[in-house]
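Here is my note on the model you passed along. Please keep the coordinates open while you read.

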Amino acid sequence: MTTEYQSTSAAWLRLPIAMPLVLGSVACQSDDNRVTTLIDDRAIVTFDRSLCKGDVTLIEQTIERVEERLDVRAPSPIELSIWSRYAEVSAHCSEGALGCYNDGEAHALWQAQEHEIVHAVAAPLGTPEPLWNEGIAEALSSRTQEGQEDVVSLVGLEDSPQVDYSTAGHFVRWLLEEYGQEGVRALARGSSFEHAYGMELADASVDHKASAPWSYPHWTPCRGERLEATSENGWAHELHVNCDDPWSSAEYQSGPTVFRTTDIEEPGTYRALFTGATLVGAVACQLDPLLDRPAQDTAGDIIRETTRSSVPTFLSSDEPHEIQLEPGRILWSITVEGEASTVGFDLNRIGP
C-alpha cells in the first residue's frame with residue numbers, strides 16, 4: 001500500500017549545500033548527478049548534494065524516536081530520496097503530494113522527510129487504516145495542532161489524501177501524552193481503537209476536545225546552538241558556517257546553513273545585521289504546548305512556528321534591519337555560498 005503525505009503542516013526549516021564527506025557517513029556521486037549519503041546501516045539518502053552533519057543527526061534521531069515509541073526495529077537501510085521540486089515528487093507519488101512511502105522506498109520534499117521516515121520505520125508492523133497510519137506519522141514527526149474535523153469522522157477512510165492530517169496527528173499526539181505508548185503501538189499493528197484503549201473512540205474524542213492543548217511542539221523543538229548574549233539584550237558573534245557544524249543542513253543550493261538560537265528577554269525594537277550571509281531566516285519557537293490558539297500568531301515582526309507556515313521570515317544580509325521582537329526563543333537559519341564562510345551576527349535592542 002502507498003502512503004502519501006499531503007499535509008502542509010511540516011516544520012519550516014529549509015536548509016543548504018554540503019561538503020563532499022559527512023562525518024559518520026559516506027557520500028558518493030550517483031549516475032543522475034544526485035548524491036547518495038550512507039548513514040551507517042540506518043539509511044541511504046539521495047539528494048542533490050551530500051547531507052550535512054546536522055541532517056545526518058536529525059535522520060538518526062527521527063529513526064530512533066520512532067523505533068522507541070513504536071517498539072520496532074527499522075528495516076535496514078531505509079531508502080529515502082529527498083527532492084527539490086513538487087514535480088520530482090509527483091513523478092514517484094501522486095500529484096500534489098509532499099511525499100510518499102511505497103514498496104520500501106520513501107520520496108519526499110525536504111519538509112516532509114521526517115513524516116516519510118516514520119512510515120518507513122513502522123513498515124514492519126503492517127499498514128493500519130489511513131487515520132492511524134497518517135496520524136502516527138504526523139504525531140511522531142512534527143508539531144501538531146488542532147484540526148477542523150472530528151476524529152470519529154475519519155474512521156474507515158480508504159485513502160490517505162482523505163484524512164485531515166491535523167486532526168489525526170493531534171489526536172495521536174494527545175494519546176501519547178495522556179496514555180503512553182502501548183495503545184499507539186497497538187494501533188500501529190492494526191488493532192481497533194476499542195481494543196487498544198478499552199473505550200469507545202467517540203468518548204475519547206470528547207475527552208480530547210475538552211482537555212487537549214491547541215498545539216503540541218515538535219519532539220526536539222528549536223534545534224540550534226544557543227548564542228550567549230555578549231551585552232545586555234545584545235549579541236555579537238562571528239559564526240563559521242560549514243557542513244561539519246553539529247547544527248547544519250544542506251537543503252539550499254547556494255551553500256550550507258547553520259542554526260542558532262537567541263533567547264529574547266526584553267520586548268522592543270532590535271537592530272539585526274548579518275554580514276557575509278546569503279540568506280537569513282528567523283522563526284519564533286514553540287517550546288511548550290499552547291493551550292489556546294494565539295490571538296496573533298507572531299512574535300513582533302517574526303512569525304511563530306505555530307502558524308504552520310512552510311517558510312520562516314527571511315531577512316536579507318549585509319544591511320541592517322529593525323525588527324520588533326517579543327520575549328521568547330528565536331531560531332535563526334544562516335546560509336552562505338560555497339562550502340564554508342564566516343558570518344558576522346549582530347543583534348541589539350535599540351528601543352521600545
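1. Basis of the note. This is a predicted model, in which local features need pLDDT of at least 70 and side-chain atom pairs count only at pLDDT 80 or more, while totals for chains, interfaces and linings use all residues. Residues are numbered from 1 along each chain as its sequence is written, and side-chain values use heavy atoms, with hydrogens and water left out.

2. Disulfides overall. The structure holds 3 disulfides, a disulfide being a pair of cysteine sulfur atoms within 2.5 Å. With the bonded cysteines counted along the chain, their pattern is 1-5, 2-3, 4-6.

3. C52 and C243. The sulfur atoms of this disulfide lie 1.7 Å apart, and with -80 degrees about the S-S bond the link is left-handed. C52 sits in the loop between β4 and α1 and C243 in the loop between β11 and β12 (248-249), so that distant parts of the chain, 191 residues apart, are linked. Both C52 and C243 are buried, where buried means under 20% relative accessible area, exposed means over 50%, and partly exposed lies in between (1.4 Å probe, protein chains only).

4. The other two disulfides. C93 is joined to C100 with an S to S distance of 2.0 Å, and this link is left-handed as well, at -75 degrees about the S-S bond. C222 and C285 form a disulfide with their sulfur atoms 2.0 Å apart, but here the torsion about the S-S bond is about 50 degrees, so the disulfide is right-handed. C222 lies in the loop between β9 (215-216) and β10 (225-226), and C285 in the loop between β15 (279-284) and β16 (298-299), so the pair ties together parts that are 63 residues apart in sequence. C93 and C100 are both buried, and C222 and C285 are both buried too.

5. Salt bridges. The count comes to 15 salt bridges, taking a salt bridge as a side-chain nitrogen of Lys or Arg within 4 Å of a carboxyl oxygen of Asp or Glu. One of them joins R42 and E67 at 2.6 Å, N to O; R42 is in the loop between β3 (35-39) and β4 (43-47) and E67 in helix α1 (residues 53-70), 25 residues apart, and both are buried. R329 forms a salt bridge with D263, the closest N and O atoms being 2.6 Å apart, and this pair connects strand β20 (residues 328-335) with strand β13 (residues 257-264) across 66 residues. R329 is partly exposed, with a relative accessible area of 27%, and salt bridges that share partners join R226, E228, D263 and R329 into one network.

6. The sheet. An open sheet is formed by 4 strands in the order β11-β21-β14-β19, with antiparallel pairing; strands are DSSP runs (E, at least two residues) and helices likewise (H or I, at least four), numbered from the N terminus, and two strands pair if DSSP finds at least two bridges between them. Its edge strands, β11 (234-242) and β19 (321-325), each pair on one side only. β11 and β21 (residues 340-351) pair over 9 bridges, and E238 stands opposite G344 in β21.

7. Helix α4. Is this helix enclosed or exposed? In α4 (residues 130-139), 10 of the 10 residues are buried, so the helix is largely enclosed by the rest of the structure; among the buried residues are W132, N133 and E134.
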